Structures are given as structure tokens and as C-alpha cells.
Protein chains: 2
Amino acid sequence: MSYQAPIKDMQFVMNELADLNRIAALPGYEEASPELAQAVLEEAARFNQEVLAPLNVIGDQQPSTWKDGVVTTTPGFKEAFRQFSEAGWQGVLHPQEFGGQGLPKLVATPCTEMLNAANLSFALCPLLTDGAVEALLTAGTDAQRALYVPKLLSGEWTGTMNLTEPQAGSDLAMVRTRAEREGDGTYRIFGTKIFITFGEHDMAQNIVHLVLARTPDAPPGVKGISLFIVPKFNVDAEGKLGARNDVHCVSIEHKLGIKASPTAVLQFGDNGGATGYLVGEENRGLEYMFIMMNAARFAVGMQGVAVAERAYQHAVAYARDRLQSRPVDGSSRDAVTIIHHPDVKRMLMTMRALTEGARTLAYVAAAQADIGHHAADAAERKRAQAIYEFLVPIVKGWSTEMSLEVTSLGVQVHGGMGFIEETGAAQYYRDARILPIYEGTTAIQANDLIGRKTLRDGGAVARTLCEMVEATENELRAAGGVAASVAERLAKGREALSIVVDYVVANTQDNANAVFAGSVPYLKLAGIVLGGWQMGRALLAAQKLRDQDPSFFDAKIGTARFFADHILTQAPGLAQSITEGADSALSLNDAQF
Amino acid sequence: MSYQAPIKDMQFVMNELADLNRIAALPGYEEASPELAQAVLEEAARFNQEVLAPLNVIGDQQPSTWKDGVVTTTPGFKEAFRQFSEAGWQGVLHPQEFGGQGLPKLVATPCTEMLNAANLSFALCPLLTDGAVEALLTAGTDAQRALYVPKLLSGEWTGTMNLTEPQAGSDLAMVRTRAEREGDGTYRIFGTKIFITFGEHDMAQNIVHLVLARTPDAPPGVKGISLFIVPKFNVDAEGKLGARNDVHCVSIEHKLGIKASPTAVLQFGDNGGATGYLVGEENRGLEYMFIMMNAARFAVGMQGVAVAERAYQHAVAYARDRLQSRPVDGSSRDAVTIIHHPDVKRMLMTMRALTEGARTLAYVAAAQADIGHHAADAAERKRAQAIYEFLVPIVKGWSTEMSLEVTSLGVQVHGGMGFIEETGAAQYYRDARILPIYEGTTAIQANDLIGRKTLRDGGAVARTLCEMVEATENELRAAGGVAASVAERLAKGREALSIVVDYVVANTQDNANAVFAGSVPYLKLAGIVLGGWQMGRALLAAQKLRDQDPSFFDAKIGTARFFADHILTQAPGLAQSITEGADSALSLNDAQF
């Protein structure tokens, strides 16, 4: 099944909901007109559809392999990565002075979606490189930036994030990898890192590992972690490759999905220590790593949208083609294609509404990031940045959790054929399962949503968002008819979210366990209500534009209504579980399970 | 990870909720005392834990293979099947006159659960044999019963169900396999059947295929389907094996899960026609097939409970062992095992509550089946049978759908390790995915729930069940405290279910599409409310018994409360989606997707 980038849907969200015109008016983004954005999207669509999408199944059937420390990627990946790099796709978001295109995140985000929809495994390599670039741009020295960033953007080298160790997953306080100071200002790195995505591969000349480690006199816990550059091959000041560094891939994992993406175990320092270069200051590594993590978390949220979109397209194609059973309303004596059966429609609508809801929320968040970086007014920047940061754990957590439901429904639409690997639907179900886990599990996102994003400002941003939702409710109500019925559902959802925000703010200090027992449901509730808000805005925009293309905009209106009727209606029950369900959630002790 | 049969939990449900004493007092079941049941369960636990559970991972890693028409099952399966058969496990439920043990379904059901929890792939072979036995007992001639049933119960032969063809999945009206009459009363069978579970294997001497086919002059559609016995090897009147019949396995499928279970494509009649023996009368095949299907549907529902239980045990073991992160309440400066983290508790409680809710409902349904067959009073039999039949699509549909959520949470509890195949959690996630598909997808179950089970009697059984729920609400309210709070949630759920039953009864004739757009949500709502009802009854029983074992019964009470707080609270939103959400679910036409 081929992938067709949903450019028209993307442009609708970019132009009507995320206000690309406003983003293009920001200082530094003057070139990012809707026309340029369209050209970029069309070229991205062409490349991803033609080059990367066909490699997706091949990657599942012929995963990357490991032999004697060398990883050979799926046939076709190396050449595709060369084309990806030469076309400049790695640099879409990054500064022009280092060879990037310097486009807004709002324009880069649909490109990220397409890349991941075409090939989730392949896309992880650029995703990690983006994170490394962000960290170096923020915390690296001028010399480090000049040395590494252009090579990373050109695709000559790629980047990795080395956080996890066997005993240190979500809990980075337990990191043990050592960094010993040398006389020349460099460090010797010793330790084992696991789950390193594209930690070893054959698509680039060099790999720039960004590694968390502890200096000998570092304080314990997360305040004693430093960040180091550890190149696979040592490089001189001009970027010429030297000797192999003492970092080696000892194995790759046998995984449920994203099989083409090599997940490496890396051993540092078995032969005297890997040469490492400090990034920024000692003991501030976690802070820098969060720069990478935040970019990566948003991108993983887009992976959720992407795999959901692809699973949806696959299911629609099958449902249009598969002839089975007469209509339940007796309108035909012959079997019809299953897309006409009400339950198949309900499944496809659920897939579609969740995917569109998560997409709209993510694109709107991306626009806030652009405003947060580029608006002329400092107060406007601050406000937008705060909204973006509030939304990041929701984009990551909700989009990836919903992708499990969507890819599962994708299998179900196919019936028995869905369980047969050759059909292709099962791959999305397997691939998606990592998304709510890596770059911070949904629980970690939910902790972030409660701790840094809700409590730190006493719920201020959360309440601002509720007010914005309410403004949309008023617009919907004023529009009357279908829009007014959506307003009622949205109001119920927003009230539920407000109650939970108040509950979180009021109770976390005195009863942290109770609040955190509802953390993931709070994140889900926020995703549903804020996604539903954007779908409400989409409905209003579609009603205005309807006459230009009735079939397209009626589908937008129908999908927004479906979201309200079938997804927003979950909100009050969730709020009840959160505010009244902690006692029972915590009622069993360890031995009672 | 080893499997431990939850005998204590099973006995609690059998004795306190499904009233084993009453079942043991039914004519014909006098031997089925709680003491005998306990002995049977303990022996089943031993066998399944020791023999079949260790083969589960092996089956995933070394699936059954096909070569030149011959299927070789996973190493160890053949010997395990010999032991299974010799111990008499195939016959638990079946009549003593054919070599079975003739135990109540209520006692057989926990055995089925254990078998499937130990090894879902292996269990499919006995599951299909059970279906064949049921069909032959009901529709076969005396000679057919005498010839086939003892061999099927002894494990010398196994059975299959041959329904599906490439163009005929859920829609049996499209079956094309031909049956041509021979002069000697036999038939020649020609056609292709797909998705035939254990359609070819090496564990038994012969395979008894039960095959749907059409005679040349049969009417079109489902009224022209007949059922035939097609043995792999022809047999004489004494059961001695003769020549190979003209049925051949041309391939087996490459599947997402249950890989040890061979899923065969069978070709009938490539060399002149396979010899087939009519079961019952011509053109009544669908009716007979439903006998097999109904037994199999209940059993597949138990597969959902079983894989959920095993995934839960796996996750609990990991959560007790994995040390990561300090408690959110600041109660320790050191990392704790993750079972102490509130979100992990919430996930484990969700897994546990769904599994227990589905188990209680299924066991209670099994007891109704026993009453339906064995009660002395005809009215009592009729009432119980009607309740059982109402519950079958719910046990099948809801238990299997919830198993997707439970096995997905099982992966999530493991974090990154959950995505690594060697951990084992991913296998349950993959295996479970077939359960809402085979033996009738969830939509097919939901159609059955609406059509045969709700509309045919004008909602009478559904309303009877709602009254029974209400009686439990009153008991809970009278008990006060925690029980009273559960009563309120249950009442909200039951009201939601009542509204939907009325909606279905009132609207299906005039607006079938709208009602069927809510069919699966109706099934889910019924599962939640009726499961919640049983959990409410469990709470009352646990409160009475608490002093005998406070830790165990407090956990039952906590789990029942969790079900009410976190699962029953979904009911009102579901009812709203069903009764008000059809317009939006049906709002897009084929081209708009």
C-alpha cells in the first residue's frame, strides 16, 4: 500500500488553524509564505512517497543486522539517506548559517509527519540528528558548532542520544557511565549504554554520540551528570576523520517493531577509554539533554500522528476494495464494499478523528514554538513559549497513545487479513507500540505535565488554554446548528479539564500519590479537550470555506462532529476517575497484586 | 516468566458468584462438588503450568512450519498433546458415554482459561475439536457420533471448522465450495478454504474437517449451505484409517501472533474430489455451524481472559523487580521498585480489574449454560439459556477487546524492555490481536447482540439483566460505605445501558444504519455494566468473607472499587455516543474518506 501525503489536510491546518500567514510575518521567517510552504510540502511528499515509503515494508522484512560490531542497514536505506541528505531535508528547521534552510517549525512539522508516515524506522536517524544539532546549537562552543553542525546537516555524519543504561531507564539519577578528565581538556569515557537508536549503522561516515556521564567528583543524582560528544571516529579541527574511537556496538536488539532501525548496545572504553569532549559545563548535562529531549518528544508525537495517518490510509483502501455482506438497512441484496457498513465507518471515523485531532494540536503547538522564538515582542514570545511547553508532553503522550488505538483499529478493519503479516496493517500495530515508551513514557510525560507544566505556574497556562477553549465555544455557539451542538460537548470537556487542573493544583503537595495516580488520565483528558478544541476551530473554518470545495470541507465538519460526539464525550468520565478514583487505584499493596 | 493458575481467584468466582453449589445440585451434575472442582482445577493447574506454559515462548520462536503439504508443529507440541489427551482434558465438558468426563461448563471454563493462559496457540487445537464434537453430538447420526466423538475425545483425532474462503469471511452467503452427490450417499467436495486453524498438523493420526459447502441445486445465500465431515484419512465403520482423502494443505500463514498454531489453506478436490459425509440435513449447515461457533465464541472470550491474566502476571513480576526512580511523594531518597509508582499501580489495577471483570461475567455465563441444559424445570432452563445466549457475544466481544488494552498495558509497564521480544510481554500483545477477529469479529458479535439477542425478544432479556443489576445496586446501597459508592457508579452504568437498550429496540427497524453505527459501543457498554455488576457482587461477597483472609478479600474489594471508579465511569459517555453520535459516524461517503 502506497502512502499519499495528505497535503490538502496539512495545508488546511497550517493556514486556517495555525495561521501560517502570521508565522510568515515574524522577523526572520519572511520567506516562509504559504506559497513556499506549499512548494516545500509538495517536494517532501514526492520524495517520501517515492523513495522512503516503499522501503517501509522492506525494512520490516529485512531489518538492520549486526555482525562483529558492524551494523548493515536494510537494503536501500543507505542510498535513500544519501538522497535525503543531498536534498537538504535534514536542515529544514536549522539555521542557514550552518547549511540549513531556517524554515519555521510550522513548515518543518508536516515534513516530519510525512517522513515518519513514509518510514518510521528510517526517520529515526534524522530525528536523533535533529536532537544532537539542537543540543550543540544551544550548549556547544562556537568551535563545536562549526565543526559538527554542518556535517550533521549535510548528512555526512549523524547524531545519537546516549542516555539509557541497563539500570537507568526513566531514572537518569542512576546513570553510571564515567568520564575521567585528561590533561588536554578531553575526557575518557567508560560505560555501557543501551537502546541507542541508530547507535551504529552504515549510512554515514561518522556518528556523533552525545553521551551522559559522570565526572569522578560529580555530586550524586541528576545534578552530577555531564554531556559529552563522543565521535565514532575522532575528528581533527577541520573535520577530517582520524582513528576509530573506543566506542563499539556489541549488539542490536530484536524488537517488536521499527525493525529497520538499529537499536544498539554501545560499549565505551573497553580499550582505554573513548575520547569525549565536554558540551557546555560539567554537571549541567541533564539540562542540555532536555533540549534534545524536548525537540525529540515533539517529533515522537508527530510519529504518532504519522503512523496513525498511514494506518488510516491502509484501512480505507482495504475497506473500499473488500466486498463482504449485504447492507444492514436492506438497501441491497448483494454484498457491498465494507466501507458501507456502519461499524466499519465508525472505525474509520475514529481513526480519522483521532489522527486529525492530534495533527491539529501538534501543528498549532509548532506555530506557538515559532512565535516563542521569533516574535518581536518579548511578552508575546514568553506567552507562546509557555503554551508550547505545556503542549509538548500532550503532543508526545496523547498522539502516541492514540496511535495504538488507531493502528489496532487498522488491523480490525482488515478482519482476518489484518493478522497476516503480508497485508501490512500489522506492521503499523507493531511499530507504533514503541512510541508511548521511548523519549519518556506516557507516565513521564504526564509527570512533566503535572510538575513543570501545571504546578510550577499554579495552573496559569492551563487556565489560559481553558479560556481560549471557551472563546471557541462561544464562536461555535454563535454559529448555531451543528456548531452549537459541538460547543456543548466542548464545554463539557473544558469544564472537566478545569476541574482536574484545579484538583491537581490543590492536591499535589499534600497528596502526591493520589494526583499522580491520575496523571496519565489527566494527560489523556487534556489531549482530548485540546484536540477537540482545535477540531471545533476546524469546523468553524470549514463552514466558512465550504463553498470552495463542499466535499472536502463537509468531511472536515463531519470529522469534527464525530470527534465531539465520540471522543469529547469521554471527558467527564475521565475527570471523575481522576478526582474520585485515586483511593481505589492505590488500594492494593505490593503483595496483593 | 512462568504462569501460575489463579486458582483461588477462580474458586472465589465459581463458589461465590456463579454458585457452584447450585450447579452441583442440578440433575446429572451431582458429582461436581466444590471438592471435586478443586481437585480438577489443581490438576489442570499443574499440567498447564508444567507442561504447556513453558512451550508458549518456544512456539513463538519456532512456529509450526510447512513443507510439501506437511505441517510440523513446534518442538514439544506433539508430546504435550499426547499427555493432554491421555489425561483426558479434551473430554472435560463432554458426555461420559463417549469417554468424556461430563463436568459442568462452570468447571470446564476455568480449565479452558488455564489452558489458554498457558499456551494460546496450543489451546486452539482442543478448542476447535470441542466445536466439532458439539456439532456432531447435536446434528450427527448415531453412527457418526459413535465413530468420531470417542476418537476426538481421546486425542487420536482432532477437529477443525472450515468456513472461510478467500471471498467469504464474515459473509458465509458467499461460500462457493461445492459438494456433489455420489450414488453411495457420500459427496465429492471441491473448493478452497482459508484460515483453517490446525487444518494440518502432526499431533494426531487423523483430522476431522467439518466443512461448509453447497450442493448443486442448493438455494443461494446462507440457506443453501450444508455441513460435511471430510476426514484427512478416510475411515471405515470401525474407525480404522484408510486412504488419504483428497484434501491438502497448500500453505500456512505468516502471522502477527499465535505463531505456533498452524493456520492452513486447504484445497479440496484437486484429484477428483474429497469424500465428504453429510451432517444432518442438506441446507441446514449454517445452523449446525452455529452450534460449533457458539461454543467456540465463548471459548475465544476465555482466550481473552486468559491472555490478559498471563500478561498481568508478567507485568506484576516485572514491576516488583524493576528498581527505578524515587517515589513521587518524597517518602524515600532511593529508587524503589516500580510497583510503588502510582501510574504503574494504575496500569496494573486496570489490567487486573478488566481481567477479573471479564472472568466473573464469563463464569457466571457458564453457570447459566449449565442451568439452561440441566435444570429440572423447563421455564428455568429457558430463562437461563436465554441469559447465556445474550451473554455469549459480550463474553466473546468484550473479553477479547479488553485483552488488547490489557496486553498493551503489559508492554507499557515494562517500559523499553517491553518492546524487546526476549522480554515476552510483546508476545501477548501480538497473540491477543487475533481474538477480536476470529470466530466472528467484534462487529459480528455486536450484530448478534442487537439482532438475535436484543431485538428478537424486544429487549426482554436485556431488561431482565438490568433488573438483576438493579437488585445488586440495592444490596450494595444497603451495605453502605464503599459498597454504596460502587452502587452509585453501577446505577449510572445500568441507566446508561437501559437507555441504549430502549434506543436499539425503538430505532433498528426504521434506522438500522444509525443503530448499527453504535453496535460495538453497545457491546462494550454491556460488557462494562454487566462486568461491573459482577464486580459489585464480588465486593459484597468479599466483605462477608473478609475476616477469613483480609489481604485477599481486601484486594477483591479494592479491585471492585477500581472497576467502578475507572471503568464503569465510561458508561454514560458511551451511551451518549451511541444515542446521539450516529449522524456524525455516518456523515462521510465513500469518496470522502
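Where in chain A does UniProt place the feature "domain: Acyl-CoA dehydrogenase/oxidase N-terminal"? The record, an unreviewed entry, gives residues 38–156 of chain A. The model examined here is predicted. In it, the span 38–156 of chain A is 66% helix and 5% strand. Its end C-alpha atoms lie 28 Å apart. A further feature from UniProt, again from an unreviewed entry, is "domain: Acyl-CoA dehydrogenase/oxidase C-terminal", at residues 283–449 of chain A. Residues 283–449 are 73% helix and 0% strand. The end C-alpha atoms of this span are 25 Å apart.

Chain A as a whole holds 20 helices and twelve strands. Its radius of gyration is 24 Å, close to the 25 Å given by the globule rule for 593 residues, so chain A is as compact as a globular protein of that length. The C-alpha trace spans about 80 × 60 × 55 Å along its principal axes. Buried residues make up 65% of the 593 in chain A.

The accessible surface of chain A is about 19900 Å². Carbon and sulfur atoms account for 50% of that surface. Chain A carries 52 positive and 68 negative side chains. The centres of these two sets lie 3 Å apart.

Helix 1 of chain A covers residues 7–17. Eight of its eleven residues are buried, so helix 1 is largely enclosed by the rest of the structure. The buried set consists of A:I7, A:D9, A:M10, A:Q11, A:F12, A:V13, A:M14 and A:L17. What do these buried residues pack against? Their partners in chain A are helix 2 (20–24), helix 3 (34–52), helix 6 (105–118), helix 10 (342–374), helix 17 (519–545) and helix 18 (550–567).

A:D19 follows helix 1 of chain A. This residue sits in the loop between helix 1 and helix 2. Its phi is positive, about 55°, although A:D19 is not a glycine. A:D19 has a relative accessible area of 34%, which makes it partly exposed.

Chain B also has a residue other than glycine with a positive phi: B:I258, at a value near 35°. B:I258 lies in the loop between strand 10 (247–252) and strand 11 (263–268) of chain B. Is B:I258 buried or exposed? With 3% relative accessibility, B:I258 counts as buried.

B:T72 belongs to strand 2 (residues 70–72) of chain B. Its relative accessibility is 40%, and B:T72 therefore counts as partly exposed. With neighbours within four places in sequence left aside, B:T72 is in contact with B:S64, B:T65 and B:D202. B:G418 stands 346 residues from B:T72 along the chain, and their C-alpha atoms are separated by 30 Å.

B:T74 is placed in the loop between strand 2 and helix 5 (77–86) of chain B. Its relative accessible area is 1%, so B:T74 is buried. Which residues does B:T74 contact, leaving aside neighbours within four places in sequence? They are B:I58, B:G59, B:Q62, B:P63, B:S64 and B:A260.

Methods
Residues numbered from 1 in each chain as written. Chains lettered and ligands numbered in written order. Predicted model: local features only at pLDDT ≥ 70, side-chain atom pairs only at ≥ 80, totals over all residues. Heavy atoms only, no water. Helix = DSSP H or I, 4+ residues; strand = E, 2+ residues; numbered from the N terminus. Rg over C-alpha atoms; globule rule 2.2 N^0.38 Å. Buried < 20%, exposed > 50% of the residue type's maximum accessible area, 1.4 Å probe, protein only. Areas by Shrake-Rupley, 256 points an atom, 1.4 Å probe, with all protein chains shown as cover. Lys, Arg positive; Asp, Glu negative; His and termini not counted. Charge placed at Lys NZ, Arg CZ, Asp CG, Glu CD. UniProt positions renumbered as here; feature names shortened; annotations may be inferred. Contact = heavy atoms within 4.5 Å.
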